[in-house]
Amino acid sequence: MTLLEFCRWIQYSAPLVELRSSPWAFPVIATVHLMGLAVIGGAVLLVDLRLLGFGLQRQPAALVVRDAEKWLLRGLAVTIPTGLLLFMCFATKYYYLWFFWVKLAALVLVVAFTFSIRRRVAMADAGRTSPLERRVVALVSLSLWTTVALGGRYIGFP
Amino acid sequence: MSLPGLIEWLGSTPWSVALHESRYAFLVVLAVHVLTLAVFVGTAVMIDLRLLGIMMTRVPASEVVSRLMPWTSAGLGVMIASGALLFYAAPLLRYENIFFRLKMAALVLAIANAWFFHRSVYRRVAEWDLDAVPPRQARLVGAVSLALWAVIITAGRMMAYQDYWFN
């Protein structure tokens, strides 16, 4: 079975046909997806603003990073399942949109980056990372998340 | 000139027609509007969660508010500017949209709620700055704010479906 056939199979499976027959299911799922995006936005900014020097600079890094990570995970716990549902509703459409694959790749990259390099740099003591290093890490994180969000907007058109 | 008349005239101005018919300009504005949502509502939600006493409880409330609020305000500015352009691109369509009206009403309430917060319980922030769980009034402001963001996001998303559902 090719990936395209798989997408077709999901999209036309009974539960998804049922879901699509409801006029409000897709908009409601998309709305919940957007609310999750807002939570992710806040949690990401909390750490990236701190790395850039505009955040909660007087607090210990570990305190800010741990709280932010908890809400980032909660945001992902909302956006990933809702995103999967949105994808499955029109899987064959998204299959052909190159921006969808860019979005997916950026998402995987940014999550991996967040819980490895970004966490290490954000948690490091002030003397152990240079301001430039911290800024670059924040900008990489912000650009990748921007790509994820933009991808979401552009694949949403009929 | 009546309000509907004014709005109809606005929609007939050349720039409105140009934005409405543009291929990319409209999409760019829309993308800015959605991206800024993450900054604006995102930072607002972080503040609300601190006011509710469920996040950053060891950080002084005043520090969370003073460090994040500038980003919320800047985000609000971009939201209103990009939102005004989206309105300008199709004034009559937006004006007649029930979800648009709901969104504007909720937005006014959200701003009033933030204004009320700064005028009331936040004036005495020194008394509760270090409390993990802020006083009832502050928690209420946080809860009302969260609820209003949810309404604003929902109404914003539903605006696209008015025709589909009701016509």
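**Exercise 1. Chain B as a whole**

What percentage of the 167 residues in chain B is buried? Describe the overall make-up of the chain as well.

Solution. 
- Step 1. The model is a predicted one.
- Step 2. Buried residues come to 34% of the 167 residues in chain B.
- Step 3. Chain B has nine helices and zero strands, and its pattern along the sequence is α-α-α-α-α-α-α-α-α.
- Step 4. A box of roughly 55 × 30 × 30 Å, taken along the principal axes, holds the C-alpha atoms of chain B.
- Step 5. Take the contacts in chain B with a separation of 6 or more: 81% of them are between residues 24 or more positions apart.

**Exercise 2. Chain A as a whole**

Describe chain A under the headings used for chain B.

Solution. 
- Step 1. In chain A, 32% of the 158 residues are buried.
- Step 2. Seven helices and zero strands make up the secondary structure of chain A, in the order α-α-α-α-α-α-α from the N terminus.
- Step 3. The C-alpha trace of chain A spans about 55 × 30 × 25 Å along its principal axes.
- Step 4. Of the contacts in chain A with a separation of 6 or more, 81% link residues 24 or more positions apart.

**Exercise 3. A helix pair in chain A**

At roughly what angle do the axes of α3(A) and α7(A) cross? Classify the pair and list the residues that meet.

Solution. 
- Step 1. The axes of α3(A) and α7(A) cross at roughly 160° and come within 8 Å.
- Step 2. An angle over 145 degrees counts as roughly antiparallel, so α3(A) is roughly antiparallel to α7(A).
- Step 3. The crossing of α3(A) and α7(A) is left-handed.
- Step 4. From α3(A), the residues A:L37, A:V44, A:D48, A:L51 and A:L52 take part, and they meet A:R134, A:R135, A:V137, A:A138, A:S141, A:L142, A:W145 and A:A149 of α7(A).
- Step 5. Sorted by class, the residues of this contact are nine nonpolar, one polar and three charged.

**Exercise 4. Two helices of chain A and what covers them**

Which residues of α7(A) are buried?

Solution. 
- Step 1. α7(A) has 24 residues and reaches 34 Å from its first C-alpha to its last, close to the 34 Å expected at 1.5 Å a residue.
- Step 2. The buried residues of α7(A) are A:R134, A:V137, A:A138, A:S141, A:L144, A:W145, A:V148, A:A149, A:G151 and A:G152.
- Step 3. Their cover includes α3 and α6 of chain A together with α3 of chain B.
- Step 4. α4(A) has 29 residues, and its first and last C-alpha atoms are 41 Å apart, close to the 42 Å expected at 1.5 Å a residue.
- Step 5. In α4(A) the buried residues are A:V64, A:V65, A:D67, A:A68, A:W71, A:L72, A:G75, A:T79, A:T82, A:G83 and A:L86.
- Step 6. The cover over the buried residues of α4(A) includes α3 and α6 (98–123) of chain A.
- Step 7. To read such lists, recall that an α-helix has 3.6 residues a turn, so residues three or four places apart point the same way.

**Exercise 5. The contact between the chains**

How many residues does each chain give to the contact?

Solution. 
- Step 1. Chain A gives 24 residues and chain B gives 28 residues.
- Step 2. On the side of chain A that touches chain B, the elements giving two or more residues are α3 (25–52), α4 (61–89) and α7 (131–154) of chain A.
- Step 3. α3(A) supplies the largest share of that side, twelve residues.
- Step 4. By class, this side of chain A has 15 nonpolar, six polar and three charged residues.

**Exercise 6. A helix pair in chain B**

How far apart are the axes of α3(B) and α8(B)? Classify this pair too.

Solution. 
- Step 1. The axes of α3(B) and α8(B), the latter covering residues 136–158, lie 8 Å apart, and the packing angle is about 150°.
- Step 2. The two helices are therefore roughly antiparallel to each other.
- Step 3. α3(B) passes α8(B) in a left-handed crossing.
- Step 4. The residues of α3(B) that meet α8(B) include B:V41 and B:L51, and those of α8(B) include B:W149 and B:I153.
- Step 5. The contact of α3(B) with α8(B) has nine nonpolar, two polar and two charged residues.

**Exercise 7. A residue with positive phi**

Where does B:M56 lie, and is this residue buried or exposed?

Solution. 
- Step 1. B:M56 lies in the loop between α3 (25–51) and α4 (61–89) of chain B.
- Step 2. Most residues other than glycine have a negative phi.
- Step 3. B:M56 is not a glycine, yet its phi is positive, about 45°.
- Step 4. B:M56 has 25 other C-beta atoms within 10 Å, so it is buried.

Terms used:
Residues are numbered from 1 along each chain as its sequence is written. Chains are lettered from A and ligands numbered from 1 in the order in which they are written. This is a predicted model: local features need pLDDT of at least 70, side-chain atom pairs count only at pLDDT 80 or more; totals for chains, interfaces and linings use all residues. Two residues are in contact if their C-beta atoms, placed from the backbone, lie within 7 Å. Helices (H or I, at least four residues) and strands (E, at least two) are DSSP runs, numbered from the N terminus. Ala, Val, Leu, Ile, Met, Phe, Trp, Tyr, Cys and Pro count as nonpolar, Asp, Glu, Lys and Arg as charged, and the others, Gly among them, as polar. The expected span of a helix is 1.5 Å times one less than its number of residues. A residue is buried if 20 or more other C-beta atoms lie within 10 Å of its own, exposed if 12 or fewer, and partly exposed in between; C-beta atoms are placed from the backbone. Axes are lines fitted to C-alpha atoms, for helices over the stretch in contact, and angles run from 0 to 180 degrees between N-to-C directions. Angles under 35 degrees count as roughly parallel, over 145 as roughly antiparallel, 65 to 115 as roughly perpendicular and the rest as oblique. A crossing is left-handed if the near helix is turned anticlockwise from the far one by less than a right angle, and right-handed if clockwise.
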